[in-house]
Amino acid sequence: MESAIISVYLILLFFILPVFLPGIVRKVRAMAMGRKGPNVELFFYELLRMFRKKTIHPLQFGTFSYIAPILCLFSALVIWSIVLFEWGPYLFIPFFLAMYRITYIGYAMETGTSFGGMGSGRETVLSVMSEPTLILMILVAQSHIEISESLQGFFVGSLFLIMCSIAILSEISKPPFDDPRTHLELTMVHEAMLLEASGKSLFLFEWAAAIKQTSLLVFLVKIALDHSKLIKNAFFSELQRDLLLLPIITLFAFILGYWEAISVRRSWKWIPEMMGLVFLSILILGSLVKLN
């Protein structure tokens, strides 16, 4: 009975959470900036509006551009299913993230716009900096370590999760690595590669981006829950730990929306040094957590 409840609950999260989580982030961001903001379900209606519109192809549209949105959505769905249902090892995630990026960059480069080239270059820089850190996070998470109940274990584990959060922010292009509040061509990353997309193609790309963001945030929550001995030794059962996913990820959405409202992006010269420090911090803190 308990396993059936968990399965139904996870299936509902699989379909509902990626659609409404971006709306929660945008709502909290607007309220933190003193505005009323859009309704939470507006992102869902935006997806429907994109789906109903006819796709207008640019002159440079080629064969790859036809299949790129489908491949992008496929890779995002595989990542989301691995994170939520855990049917495979987390080490599969970087490979499908690479497919996700290749389709995005390939689409932007094939359409041949200057803004697409700039966005592709920035996306490549972020991927080179964040992918090794993400792989190191997964290796630490798959090593079956547990954060001990001592004060030292809690402190080291908290620092480890903070460094992992910074790596996830770079992966989903959030401040201080990118600023989703602006749509200026000279500052944006994700939007610059999709300026030529429209209709159903834009629908697939935006849906895939929402799924990717949700997947990585849930992945961060699972790292915190699965490797906390404090949670395992308390009265929480497996069902109750899975039920914690929704309230914790909602809290993360509130924090992310507030973070987007108060923070600004940094210079691109600052990103390699920052991600290098994050990589070394995760390596050292992961080793300390394991030894502890």
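I began with a network of salt bridges, which links Arg101, Glu123, Glu131 and Glu171; a salt bridge here is a side-chain nitrogen of Lys or Arg within 4 Å of a carboxyl oxygen of Asp or Glu. The model is a predicted one, in which local features need pLDDT of at least 70 and side-chain atom pairs count only at pLDDT 80 or more, while totals for chains, interfaces and linings use all residues. Residues are numbered from 1 along each chain as its sequence is written, and side-chain values use heavy atoms, with hydrogens and water left out.

Arg101 is buried, with a relative accessible area of 5%, and Glu131 is buried at 14%, where buried means under 20% relative accessible area, exposed over 50% and partly exposed in between (1.4 Å probe, protein chains only).

How many salt bridges does a search of the whole structure find? I noted seven.

One of them joins Arg29 to Glu260, with the closest N and O atoms 2.7 Å apart. Arg29 lies in helix H1 (residues 2–32) and Glu260 in helix H10, so this pair ties together parts that are 231 residues apart in sequence. I found both Arg29 and Glu260 to be buried.

I then turned to Lys222 and Glu86, whose side chains meet in a salt bridge (2.9 Å, N to O). Lys222 counts as buried at 6% relative accessibility, whereas Glu86 is partly exposed at 41%.

Next I followed H10 (residues 245–262), whose 18 residues reach 26 Å from first C-alpha to last, close to the 26 Å expected at 1.5 Å a residue, that span being 1.5 Å times one less than the number of residues. Its buried residues are Leu245, Ile249, Ala253, Leu256, Gly257, Glu260 and Ala261. Seen down the axis of H10, they fall within an arc of 140°, so they line one face of the helix; the arc is that of the directions from the helix axis to the C-beta atoms.

Last, I checked the largest nonpolar core, where Ile93, Met137, Phe219 and Leu245 touch the most other members among 80 residues. Such a core is a set of buried Ala, Val, Leu, Ile, Met, Phe, Trp, Tyr and Cys residues joined through side-chain atoms within 4.5 Å.

Conventions. Helix = DSSP H or I, 4+ residues; strand = E, 2+ residues; numbered from the N terminus.
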